[in-house]
Amino acid sequence: SRGGPLEALAAIVAEREGITLGTPNYVPGSENRVVALVQGHIDAAIIDLLNKNMIMEEHPDEFRVLDWVGPDEVVTDEALFARLDWLQENEDKVALLLEELLNSARDLCENPAMIAEEREKYNLLPDLPQELADGLADYYVEAIEAGVYSCDGGSEQAAKTDIAVLSQSGQLEGSPDELKVEDFWYFEPLEAAKEKLGTSGG
């Protein structure tokens, strides 16, 4: 999306690869970007891991996968947002939500294949194309190993990386050394949930 974290990361990768970017096309949906790539409407795109594996299997000689950003450049792509006053006024509800999310993250990291198992058990996403359904388990195994998903809900260090990368790409004004994490993120509920569940880490 325009001004989003993926745009910032694309700029970093392009600079590293010596690519001069033209006018970007904002094509919503990784699956739609795959279609546009295959049909030759766009020259390059950021697509998710599952679609990357599929397109490279079906078109191995037509595309090249560029090296992605390093661990110190990964930015938050999905996050929960709420007003600070609401979070503080609803501590019990927030705590319950975060504890369940952390439990789910922990279960997923311990057994990435559970996503495919739960989908089949509860008949989730019944219209998912079979070729994608068949790759779900392998996708989550690869994604967890690659650090695509946080196993602990995030950390202050991750937020500092967000600030550094977004500042570097010109999407955030100010020096990373001067910008304060607490001006953008509220960690008290997450840290409390981690402490209760015995979860720690970055």
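Let me start with two helices. The axes of α3 and α8 come within 9 Å of each other and cross at roughly 115°. The crossing of α3 past α8 is right-handed. Please keep in mind that this is a predicted model.

Which residues make the contact between α3 and α8? On the α3 side there are L49, L50, K52 and N53. On the α8 side they meet L136, Y139, E142 and A143. Sorted by class, this contact has 5 nonpolar, 1 polar and 2 charged residues.

Next, the second largest pocket. Its volume is about 210 Å³. The lining consists of 13 residues, and those nearest the pocket centre are L50, L128, L136, Y139 and Y140. Of these, L50, L136 and Y139 also belong to the contact of α3 with α8.

Where does the lining come from? At least two residues each are supplied by α3 (49-58), α6 (114-122) and α8 (136-146). The biggest contribution is from α8, with 3 residues. As for composition, the lining of this pocket has 9 nonpolar, 1 polar and 3 charged residues.

Last, back to Y139. The structure has 4 aromatic pairs. In one of them, Y139 and Y149 sit edge-to-face, with 6.5 Å centre to centre and 85° between the planes. Y139 is in helix α8, while Y149 is in the loop between α8 and α9 (156-168), so this pair ties together parts 10 residues apart in sequence.

To sum up Y139: this residue meets α3 from α8, lies among the residues nearest the centre of the second largest pocket, and pairs with Y149.

Notes
Residues numbered from 1 in each chain as written. Predicted model: local features only at pLDDT ≥ 70, side-chain atom pairs only at ≥ 80, totals over all residues. Heavy atoms only, no water. 1 Å grid on protein atoms, 1.4 Å probe; cavity = no way out; pocket = protein on both sides within 12 Å on 5 of 7 lines; lining within 4 Å. Points joined across faces, edges and corners; volume = space filled by probe spheres on them. Helix = DSSP H or I, 4+ residues; strand = E, 2+ residues; numbered from the N terminus. Nonpolar A, V, L, I, M, F, W, Y, C, P; charged D, E, K, R; others polar. Axes fitted to C-alpha atoms, helices over the stretch in contact; angles between N-to-C directions. Left-handed = near helix turned anticlockwise from the far one by under 90°. Contact = heavy atoms within 4.5 Å. Phe/Tyr/Trp six-rings, centres within 6.5 Å; stacked < 30°, edge-to-face > 60°.
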